[in-house]
Amino acid sequence: IMKKRQVIETSNKELIPYKRYGEKTNDLSWLPISKDDDSKYEVYLIKFDPGSSSNFHRHNGNEEFYVIDGELIDDDGKIFKTGDYVKFEKGSEHSSYSKIGCKLLVILYGGTNEILE
């Protein structure tokens, strides 16, 4: 028996409003999956409804994400499509939006994001 294994069923869990930075981000929902405060490591699913966008933010650590479904467009016009794996290095700044909606698996490590006004 594998005592050090954990299976997290995500397909039957409801995503909740994305309030990561205090206020709800318009038309985004998420499901926190894994977090380790000591190593500043975090994994979650996030869903962008059609026409929604993220706040402009800075990465205080690294962020990687896998586009599970849909399409995400970065503020410089770069389009991320289903199956793309994207890496943002520490210090990068951007916002993203989705015309058609999308779902991402996000991995943060080395620090979280900071909303920029």
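**Close-up A. Asp49 and Lys47, a partly exposed pair.** A residue counts as partly exposed when its relative accessible area falls between the under 20% that defines buried and the over 50% that defines exposed. Asp49, with a relative accessible area of 26%, is therefore partly exposed in this predicted model. Lys47 falls in the partly exposed class because its relative accessible area is 37%. The two residues form a salt bridge in which the closest N and O atoms are 3.4 Å apart.

**Close-up B. The salt bridge between Arg58 and Glu93.** A search of the whole structure finds three salt bridges, and one of them joins Arg58 to Glu93, with the closest N and O atoms 2.9 Å apart. Arg58 belongs to strand β5 (residues 57-59) and Glu93 to strand β9 (residues 93-94), so the pair ties together parts that are 35 residues apart in sequence. Arg58 is partly exposed, because its relative accessibility is 26%, and Glu93 is partly exposed as well, at 39% relative accessibility.

**Close-up C. The salt bridge between Lys35 and Asp37.** Here the closest N and O atoms of Asp37 and Lys35 are 3.7 Å apart, and the two residues form a salt bridge. Asp37 is exposed, because its relative accessible area is 58%, and Lys35 likewise counts as exposed, at 58% relative accessibility.

Close-up D. Glu42 is placed in strand β3, which spans residues 41-48. Its relative accessibility is 7%, so Glu42 counts as buried.

**Close-up E. Strand β6 and its antiparallel partners.** Strand β6 (residues 62-74) pairs in the antiparallel sense with strand β11 (residues 102-109) over eight bridges, and within this pairing Glu64 has Ile107 of β11 as its bridge partner. Strand β6 also pairs with strand β8 (residues 85-88), in the antiparallel sense and over four bridges, where Tyr66 stands opposite Tyr85 of β8. With strand β10 (residues 96-98), strand β6 forms an antiparallel pairing of two bridges, in which Tyr97 of β10 is the bridge partner of Ile73.

**Close-up F. The hairpin of β6 and β7.** Strands β6 and β7 (residues 79-81) pair in the antiparallel sense over three bridges, and Lys81 of β7 is the bridge partner of Glu71. The hairpin has four residues between the strands, and in this hairpin Gly77 takes a positive phi near 95°.

**Close-up G. The largest nonpolar core and Leu104.** The largest nonpolar core has 16 residues, and those with the most contacts inside it are Ile46, Phe65 and Leu104. The elements that give two or more residues to this core are β2 (28-36), β3, β6, β8 and β11, and β11 gives the most, with four residues. Leaving out residues up to four places away in sequence, Leu104 touches Tyr44, Leu45, Ile46, Phe48, Phe65, Tyr66, Val67, Ile68 and Leu72. In soluble globular proteins, nonpolar side chains tend to be buried together.

Notes:
Residues are numbered from 1 along each chain as its sequence is written. This is a predicted model: local features need pLDDT of at least 70, side-chain atom pairs count only at pLDDT 80 or more; totals for chains, interfaces and linings use all residues. Side-chain values use heavy atoms; hydrogens and water are left out. Buried means under 20% relative accessible area, exposed over 50%, partly exposed in between (1.4 Å probe, protein chains only). Two strands pair if DSSP finds at least two bridges between them. A nonpolar core is a set of buried Ala, Val, Leu, Ile, Met, Phe, Trp, Tyr and Cys residues joined through side-chain atoms within 4.5 Å. Contact means heavy atoms within 4.5 Å. A salt bridge is a side-chain nitrogen of Lys or Arg within 4 Å of a carboxyl oxygen of Asp or Glu.
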